[in-house]
Amino acid sequence: MAELDIAALANALQEAAAIEILPRFRKLGDGDVRMKTEAIDLVTEADEAAEELIRQRVAEAMPDAVFIGEEAVAADPALLDRIADADLAVIVDPIDGTFNYAAGLPLFGVMLSVVSKGETVAGIIYDPMGNDWLIAEKGSGAWMCGPDGSQAQVAVAPAVPLDQMVGIAALTYMETAAKRQILANLAEVRLFTSYRCSAHEYRTFAAGHLHFLMYKKLMPWDHLAGTLISQEAGAHVARLDGSPYLPHNFEGGLLLAPDRDSWQELREKVFTL
């Protein structure tokens, strides 16, 4: 694999936020926000401009990598087919939480993952509002990195009983009957919610403030960085059928928990699809 310059990639996300994302926050005009597939699936001028800047920086730092951005895939869905076999691919979500961003809510992030030969080897989640990064390289732990150079290792929360669990259940893309069943089952946990921003959901989970994350829709830019970071922070991660989550998996749901036993209990008692 080509040399991975995680610092250059992290700086690219910060630069895109400073130049293209934050100056437009709460200043988007009517023509700057467009609907993609439905009213809750949006793209803004900032998404497109940030992705282009990140693409340029990735080309400078890793010229041999295949660049796969969320907005590029919207224009050319065949790009997704390159993830499984690419020697090196960089996958980017320029603004995760676009719905929040467009609504003026300060809960959005910039995400990047690096995949080598079908395996996620690095992940970065950058918070433009806090100006910090959650970063993991495979086998090296998960780290919160500040703009002053500070680094603190993060770890998932200790396991707790089911009735004390707090977590995320993203049920938007689930069929109605299944959604009703899961919503009824979620009465078994202490609290569940959705931030409409997987960047912050993964950050909160990996840093030990949540006990589970569950997702139905598996687009790679939403989950590759966060799942690697969570695994490096100690989490048990698998698709709902128990199989490993891999970069080319776009279906099958996803469940994360602090350990295997918690994962199994959540799967059997709550997420019973």
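Which elements each supply at least two residues of the lining of the second largest pocket? I looked this up in the predicted model and noted α1 (6-21), β7 (132-137) and β8 (142-145).

**Entry 1: the pocket**

I took the volume next. The second largest pocket comes to about 280 Å³. I listed its lining and got 18 residues. Those nearest the pocket centre are I6, A10, I135, C145 and Q151. Sorted by class, the lining of the pocket holds nine nonpolar residues, eight polar ones and one charged one.

**Entry 2: α1 against α2**

For α1 and helix α2 (residues 45-61) I wrote down an angle of about 150° and an axis separation of 9 Å. Angles over 145 degrees count as roughly antiparallel, and α1 and α2 are therefore roughly antiparallel to each other. I recorded the handedness of their crossing as right-handed.

I then went through the contact residues. On the α1 side I have A8, L9, A12, L13, E15, A16, I19, E20 and I21. On the α2 side they are A46, A49, A50, L53, I54, R57, V58 and A61. By class, I put this contact of α1 with α2 down as 14 nonpolar residues, three charged and no polar.

**Entry 3: α6 against α7**

How far apart are the axes of helix α6 (residues 198-206) and helix α7 (residues 220-232), and at what angle do the two pack? I found the axes 10 Å apart and the angle about 5°. Angles under 35 degrees count as roughly parallel, so α6 is roughly parallel to α7.

From α6, I listed S198, Y202, F205 and A206 in the contact. From α7, the list reads D222, H223, G226, T227, I229 and S230. I sorted the residues of the contact of α6 with α7 into four nonpolar, five polar and one charged.

Conventions: Residues are numbered from 1 along each chain as its sequence is written. This is a predicted model: local features need pLDDT of at least 70, side-chain atom pairs count only at pLDDT 80 or more; totals for chains, interfaces and linings use all residues. Side-chain values use heavy atoms; hydrogens and water are left out. On a 1 Å grid over the protein atoms alone, a cavity is a set of points where a 1.4 Å probe fits but cannot get out, and a pocket is an open set with protein on both sides within 12 Å along at least five of seven lines; lining residues have an atom within 4 Å of a point. Grid points are joined across faces, edges and corners, and a volume is the space filled by probe spheres set on the points. Helices (H or I, at least four residues) and strands (E, at least two) are DSSP runs, numbered from the N terminus. Ala, Val, Leu, Ile, Met, Phe, Trp, Tyr, Cys and Pro count as nonpolar, Asp, Glu, Lys and Arg as charged, and the others, Gly among them, as polar. Axes are lines fitted to C-alpha atoms, for helices over the stretch in contact, and angles run from 0 to 180 degrees between N-to-C directions. Angles under 35 degrees count as roughly parallel, over 145 as roughly antiparallel, 65 to 115 as roughly perpendicular and the rest as oblique. A crossing is left-handed if the near helix is turned anticlockwise from the far one by less than a right angle, and right-handed if clockwise. Contact means heavy atoms within 4.5 Å.
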